[in-house]
Amino acid sequence: MNASIVLAVLALAALAAARPQQFQQQPQQFQQFQPQSQQFQTQPQQFRQAVTPVPIISRQETRDEHGQYSLAFSSADGIVATDSGALKEIKEGENKGDYFLARKGSYRYLSPEGEIVELHYIADENGFQVVNQTPVRQ
């Protein structure tokens with residue numbers, strides 16, 4: 001009889017150990033991030049200077065129903081930029097017959113050294129490529 005009692009106690013202990021355990025701890029709550037207000041209000045003097053917006057002298061934009069476009073602008077500080085996108089058919093590979101937007105454009109600006117820099121680019125099935133970049137002597 002002692003053996004059957006020990007066996008019954010072991011069976012009950014095994015059942016108790018096998019039942020799903022309930023979590024005793026509550027899930028940890030995340031604290032909201034609160035930035036230190038002093039950290040973001042104390043900037044070096046060089047960053048507190050007022051920035052004067054540069055006027056846009058001209059801006060042109062055209063788009064069609066297929067997503068093709070042409071953009072151009074120039075600003076009072078001498079920046080000139082153009083960008084256009086045209087649909088181009090994929091000629092080979094898994095996506096043959098589909099279309100993608102091939103881009104080309106340029107921008108021109110005055111470098112910190114006082115040189116005018118002009119860059120022309122294309123972005124097509126071969127990726128982004130700089131066609132030429134040249135400082136323009138004044």
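Good morning. Please keep in mind that the model before you is predicted.

Let me begin with the chain as a whole. The protein chain has 138 residues, and 13% of them count as buried. Its accessible surface amounts to about 12,300 Å², with 55% of that area belonging to carbon and sulfur atoms. The secondary structure consists of two helices and six strands. Read from the N terminus, the order of these elements is α-α-β-β-β-β-β-β. As for contacts, if we take those with a separation of 6 or more, 14% are between residues 24 or more positions apart.

I now turn to strand β4, which covers residues 99-110.

Is tyrosine 99 buried or exposed? Its relative accessibility is 53%, and exposed means over 50%, so tyrosine 99 counts as exposed. Tyr99 also contributes to a nonpolar surface patch, together with Leu87 and Leu101. The area of this patch is about 280 Å².

Serine 106 presents another case. Its relative accessible area is 12%; because buried means under 20%, serine 106 is buried. Which residues does serine 106 touch, if we leave out those up to four places away in sequence? They are Val80, Ala81 and Thr82, along with Leu119, His120 and Tyr121.

Thank you for your attention.

Key. Residues numbered from 1 in each chain as written. Predicted model: local features only at pLDDT ≥ 70, side-chain atom pairs only at ≥ 80, totals over all residues. Heavy atoms only, no water. Patch = residues over 30% accessible without salt bridge, like charges linked within 9 Å, V, L, I, M, F, W, Y side chains within 5 Å. Areas by Shrake-Rupley, 256 points an atom, 1.4 Å probe, with all protein chains shown as cover. Salt bridge = Lys/Arg side-chain N within 4 Å of Asp/Glu carboxyl O. Helix = DSSP H or I, 4+ residues; strand = E, 2+ residues; numbered from the N terminus. Buried < 20%, exposed > 50% of the residue type's maximum accessible area, 1.4 Å probe, protein only. Contact = heavy atoms within 4.5 Å.
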